[in-house]
Amino acid sequence: MASASSANHILLSPPPSLPSLLPPPSTAKFPHISFPRNYLSHSSLIRSQPHLPCFITNAAALNTAQSPNIVSLSKTTDPDHTTNTAKPTILVSEKLGEGGLDLLRSFADVECLYGMSPEQLCKEISRFDALIVRSGTKVSREVFQAANGRLKVVGRAGVGIDNVDLQAATELGCLVVNAPTANTIAAAEHAIALLASMARNVAQSDASVKSGKWQRTKYIGVSLVGKTIAIMGFGKVGSEVARRAKGLGMHVISHDPYAPADRARAIGVDLVSFDDAISTADFISLHMPLTPTTSKVFNDDTFAKMKKGARIINVARGGVIDEDALVRALESGVVSQAALDVFSEEPPPSDSKLLQFENVTLTPHLGASTKEAQEGVAVEIAEAVVGALRGELSATAVNAPMVPAEVLSQLAPYVLLAEKLGRLAVQLVAGGEGIKAVKVVYRSARDPDDLDTRLLRAMVIKGIIEPISDSFVNLVNADFTAKQKGLRISEERVVVDSSPENPIDSIQVLISNTESKFASAESEHGNVSIEGRVKYGIPHLTRVGSFSVDVSLEGNLILCCQVDQPGMIGRVGNILGEQNYNVSFMSVGRTVKRTKAIMAIGVDEEPDKNTLKKIGEVPAIEEFVFLKL
Ligand SMILES: NC(=O)c1ccc[n+]([C@@H]2O[C@H](COP(=O)([O-])OP(=O)(O)OC[C@H]3O[C@@H](n4cnc5c(N)ncnc54)[C@H](O)[C@@H]3O)[C@@H](O)[C@H]2O)c1
Ligand SMILES: O=C(O)[C@H](O)COP(=O)(O)O
């Protein structure tokens with residue numbers, strides 16, 4: 001049993017905002033997390049499939065399915081959508097490989113509308129549950145707003161998500177998934193192709209021969225062997241470029257503040273500082289994402305630090321280079337050659353000076369454009385989008401935490417418990433001051449590092465916010481929604497002496513500095529406090545304020561605080577029975593004998609006002625509250 005006295009308290013800081021929950025870059029191909037499909041037939045959600053808001057357990061669905069599957073969530077009260085049995089709809093706005101399209105068509109109605117203007121996209125989008133794009137479609141805030149809440153998934157068939165307004169997606173509860181692995185090799189090969197063709201003036205001499213010239217002296221190149229190449233960004237693409245450059249006999253160094261040095265060492269690459277990388281390299285190949293930190297990181301200052309005559313390859317994103325500064329560096333000879341696949345504006349404007357340099361090789365964002373990569377990306381993104389529409393947590397979610405399958409299946413009943421406790425706690429608040437701070441305490445025998453509570457936190461937030469607002473809360477937007485509503489969520493993990501087989505012994509939800517409409521639910525510190533556990537796979541309420549109770553969290557609940565004396569259960573039971581209200585369970589808890597007790601009564605239906613009034617009139621009952629679970 002848990003023992004609070006043996007508790008080792010570990011305080012956690014408030015949750016980071018969702019974007020900072022992104023997984024660290026990895027070279028691994030993530031397997032898609034999947035769950036048995038049979039839950040869908042049990043789930044009320046399947047009926048609203050085209051409009052599924054996805055990604056977190058729906059309490060009702062879990063309850064009915066009696067199985068620890070994580071399924072889609074929805075505000076089940078959506079009257080417009082609950083009876084719709086149509087297939088989900090998916091809009092594909094850029095060319096996608098056939099394998100991916102086939103997969104999408106086997107599950108959904110798919111429309112391919114290529115080359116839409118931003119206005120057209122905004123006009124069409126509200127008919128779709130999912131949108132699949134490459135880098136050519138800007139998924140702006142206007143697009144998310146025009147979707148009117150219907151768009152649940154944006155799938156980026158590729159890596160870079162800089163064309164998707166992630167903040168807007170997160171705020172509006174839309175999941176963004178990408179296909180981060182299938183075009184890695186293609187991009188790396190393109191970088192190597194540009195490296196070699198730049199060094200040997202392949203594109204320039206090709207144009208020259210085709211124009212009738214034979215300029216063997218003009219196009220003398222430089223050798224690669226023995227030269228130093230700096231790989232800026234040692235992620236998936238960067239590390240593959242590094243491997244290939246080693247094979248060409250180059251000396252490879254890399255700058256990446258977040259890459260593990262041992263991964264670099266394993267392929268014979270030294271991780272160095274930014275300045276060391278750019279000042280010593282003959283070739284500089286860019287493989288970092290475009291972020292506020294990397295935007296225009298190659299500018300007049302940094303070009304000035306480069307070795308005279310350096311050669312630059314950019315297969316990452318155009319925005320990491322200040323293109324005007326690159327023009328100046330090319331003019332001054334600091335940069336002797338550049339090979340660019342990506343541009344700050346695509347296609348670059350026809351008057352861009354970059355188009356005028358003979359020593360600059362340009363390709364139209366072809367890094368991912370091999371047949372193999374496009375088929376791979378199409379299947380990868382189709383699986384992710386279909387999975388998300390089915391309610392599975394995507395392993396390639398960009399704006400939601402990824403929760404590994406094993407963790408999910410273990411946490412499923414606790415997920416339900418977390419939502420019900422949130423829902424219950426908020427109904428106990430008297431109002432007035434409002435809810436400012438919520439603390440969630442997880443008691444577990446496990447090491448705190450073994451306990452991923454993001455899903456549970458999201459569900460507590462969902463339970464608290466949804467009954468008192470029109471917000472729809474899911475795993476994507478839970479932290480954001482809480483923050484937006486001024487709700488501070490803190491978490492504490494307490495190590496207790498209990499079975500380590502259970503991921504969690506109990507969850508306690510405390511709403512701070514607020515009065516309760518049921519004073520007995522207030523802890524000695526003035527918080528509304530309730531606690532629950534999972535017993536036999538079912539969430540139970542086990543503590544209200546300082547009173548122990550034990551009722552399963554199903555249906556509706558009446559909490560009464562009364563003088564602890566004989567006959568109370570019978571009297572209240574009679575009142576309910578007379579009006580034909582079925583009592584599903586009852587539990588009494590007290591602190592000191594014959595003083596005060598709390599009675600928790602589960603009822604299948606909501607009793608009418610008169611019946612509740614009669615309960616309140618029982619002389620020994622000091623207070624009571626009716627709660628919907
Ligand atoms: N041209 C194309 O068609 C094409 C194809 C695929 C990928 N890309 C682009 O290539 C880039 C890399 O893709 P990836 O799949 O390797 O991504 P990745 O996330 O696997 O790797 C990016 C690496 O950059 C590092 N990084 C982040 N900030 C950095 C900084 N300030 N300085 C140095 N390194 C930094 C990260 O730590 C990470 O290791 C992305 O910009 C992506 O959009 C382009
Ligand atoms: O980020 C990516 O995956 C690449 O830039 C490829 O973009 P594309 O899908 O538009 O070719």
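Reply:

**Around the ligands**

An oxygen atom of ligand 1 is 2.9 Å from a polar backbone atom of K236, a polar contact in the sense of a pair of N or O atoms within 3.5 Å. This is a predicted model, in which local features need pLDDT of at least 70 and side-chain atom pairs count only at pLDDT 80 or more, while totals for chains, interfaces and linings use all residues. Residues are numbered from 1 along each chain as its sequence is written, chains are lettered from A and ligands numbered from 1 in the order in which they are written, and side-chain values use heavy atoms, with hydrogens and water left out.

In the side chain of D341, an N or O atom lies 2.9 Å from a nitrogen atom of ligand 1, and in that of H365 one lies 3.4 Å from an oxygen atom of the ligand. Taken alone, ligand 1 exposes 860 Å², of which the protein buries 91% (accessible areas come from the Shrake-Rupley method with a 1.4 Å probe). Around ligand 1 there are 26 residues, with K236, V237, D256, V315 and D341 coming nearest, where a residue is near if one of its heavy atoms lies within 4 Å.

H365 is also one of the residues that surround ligand 2, among them R156, V159 and G160. Oxygen atoms of ligand 2 are found 2.9 Å from an N or O atom in the R156 side chain, 2.6 Å from a backbone N or O atom of V159 and 2.7 Å from one of G160. Of the 320 Å² of accessible area that ligand 2 has on its own, the protein covers 90%.

Methods:
Polar contact = N/O pair within 3.5 Å; in protein donor to acceptor, adjacent residues only side chain to side chain.
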